[in-house]
Amino acid sequence: MNINLSKKEIRAKMKSIRNNIPNRLEREKDIQSQLFAFLKKENIDRLAIYISFDSEFNTKGIIKYCLLNNIKIYIPKINKEDELDFYLFDGNYSSLIKNKFSILEPNDNSSTLDNNIKYMIIPGLACDKQGYRIGYGKGYYDKYIKKHDTYKIGLYFKEQILNYIPHNEDDLCYDTIFSN
């Protein structure tokens with residue numbers, strides 16, 4: 001089986017499915033509640049998270065919760081080496097700029113860089129029951145995870161969880177997935 005072709009086909013199908021998730025707001029709140037209980041149980045005080053765009057799982061409520069509960073938030077920025085760096089985020093969305101993929105990220109004046117964050121919520125189009133994910137195909141998070149010891153968290157609707165996703169040694173596997 002051609003692993004790249006299979007992933008390409010899965011991406012196209014999963015984008016369509018993700019765009020049409022029923023009862024999205026109610027289900028996002030349920031998944032958020034699971035995540036919040038985990039954050040409390042683990043006594044997490046720093047969390048890396050993506051700024052959602054398009055039909056991704058909406059992270060604004062999570063970011064707001066964390067900031068209100070004194071959990072420092074770090075968001076990704078693609079650096080000059082075409083890799084991810086994570087910067088402290090204070091919740092001011094107007095300070096963010098769109099990158100080459102039209103995803104919001106810290107502006108060039110962001111100063112608090114931290115690439116040693118233990119817990120990270122990682123986006124994806126789909127994952128399988130073993131925890132392997134399909135991202136957008138650029139490998140940014142896969143490359144980051146290879147260099148850093150990070151606990152990987154996924155947030156998915158049940159329609160995005162597949163029995164199996166083709167993967168290789170470079171693909172990351174979630175440590176925990178919250179779903180409904």
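Where is leucine 125 placed, in terms of strands and loops?

1. The model is predicted. Leucine 125 sits in the loop that runs between strand 6 (119-121) and strand 7 (126-128). Its relative accessibility is 0%, so leucine 125 counts as buried. The residues that leucine 125 touches, leaving aside those up to four places away in sequence, are Arg11, Met14, Lys15, Arg18, Ile134, Gly135, Tyr136, Tyr156 and Gln160. Along the chain, leucine 125 and lysine 13 are 112 residues apart, while their C-alpha atoms are separated by 9.3 Å.

2. The loop between strand 1 (46-48) and helix 3 (60-68) holds serine 55, and aspartate 54 lies in the loop between strand 1 and helix 3 as well. Serine 55 is buried, because its relative accessible area is 11% and the cut-off for buried is under 20%. Aspartate 54 is exposed, with a relative accessible area of 65%. The phi of aspartate 54 is positive, about 55°, although aspartate 54 is not a glycine.

3. Which side chain does serine 55 meet in a polar contact of 2.9 Å? The partner is the side chain of arginine 18.

4. Helix 3 has Ile62, Ile63, Tyr65 and Cys66 as buried residues. Viewed down the helix axis, the buried residues of helix 3 fall within an arc of 160°, so they line one face of the helix. The face turned away from that buried side carries Lys64 and Leu68, which are exposed. The cover over the buried residues of helix 3 includes helix 2 (24-41), strand 1, strand 2 (72-78), strand 3 (84-89), strand 6 and strand 9 (151-156). After helix 3 comes asparagine 70, with a positive phi near 55°.

5. How many residues does the largest nonpolar core have? The count is 43, and the residues with the most contacts inside this core are Leu35, Leu39, Ile62, Phe86, Ile121 and Leu155. Two or more residues each are given to this core by helix 2, strand 1, helix 3, strand 2, strand 3, strand 6, helix 4 (140-147) and strand 9. Helix 2 provides the largest share, five residues. Another core lies apart from this one; it has six residues, among them Ile10, Leu125, Ala126 and Ile165.

6. Isoleucine 121 illustrates the packing in the largest core. Residues up to four places away in sequence aside, isoleucine 121 touches Leu35, Leu47, Ala48, Ile49, Tyr50, Ile62, Ile153 and Leu155. Of these, Leu35, Ile62 and Leu155 are listed, like Ile121 itself, among the residues with the most contacts inside that core.

7. Strand 2 has six of its seven residues buried, so the rest of the structure largely encloses it. Strand 1 and strand 2 run parallel and are joined by three bridges. Arginine 46 has lysine 72, in strand 2, as its bridge partner.

8. What is the order of the strands in the open sheet of three strands? The order is 8-7-10, with mixed pairing. Strand 8 (133-134) and strand 10 (161-162) stand at the edges with a single partner strand each, so one side of each has no neighbour in the sheet. The pairing of strand 7 with strand 8 is antiparallel, over two bridges. Alanine 126 has isoleucine 134, in strand 8, as its bridge partner.

9. How many disulfides does the structure hold? The number is zero. Cysteine 173 is in no disulfide, and the nearest cysteine sulfur, which belongs to cysteine 127, is 9.1 Å away. Cysteine 173 counts as partly exposed because its relative accessibility is 22%. Cysteine 66, by contrast, is buried, with a relative accessible area of 0%.

10. The phi of serine 102 is positive, about 65°, although serine 102 is not a glycine. Serine 102 is placed in the loop between strand 4 (96-98) and strand 5 (104-106). Its relative accessible area is 45%, so serine 102 is partly exposed.

Methods:
Residues are numbered from 1 along each chain as its sequence is written. This is a predicted model: local features need pLDDT of at least 70, side-chain atom pairs count only at pLDDT 80 or more; totals for chains, interfaces and linings use all residues. Side-chain values use heavy atoms; hydrogens and water are left out. Helices (H or I, at least four residues) and strands (E, at least two) are DSSP runs, numbered from the N terminus. Buried means under 20% relative accessible area, exposed over 50%, partly exposed in between (1.4 Å probe, protein chains only). Contact means heavy atoms within 4.5 Å. A polar contact is a pair of N or O atoms within 3.5 Å; within protein, one must be able to donate a hydrogen and the other to accept it, and residues adjacent in sequence count only if both atoms are side-chain atoms. The arc is that of the directions from the helix axis to the C-beta atoms. A nonpolar core is a set of buried Ala, Val, Leu, Ile, Met, Phe, Trp, Tyr and Cys residues joined through side-chain atoms within 4.5 Å. A disulfide is a pair of cysteine sulfur atoms within 2.5 Å. Two strands pair if DSSP finds at least two bridges between them.
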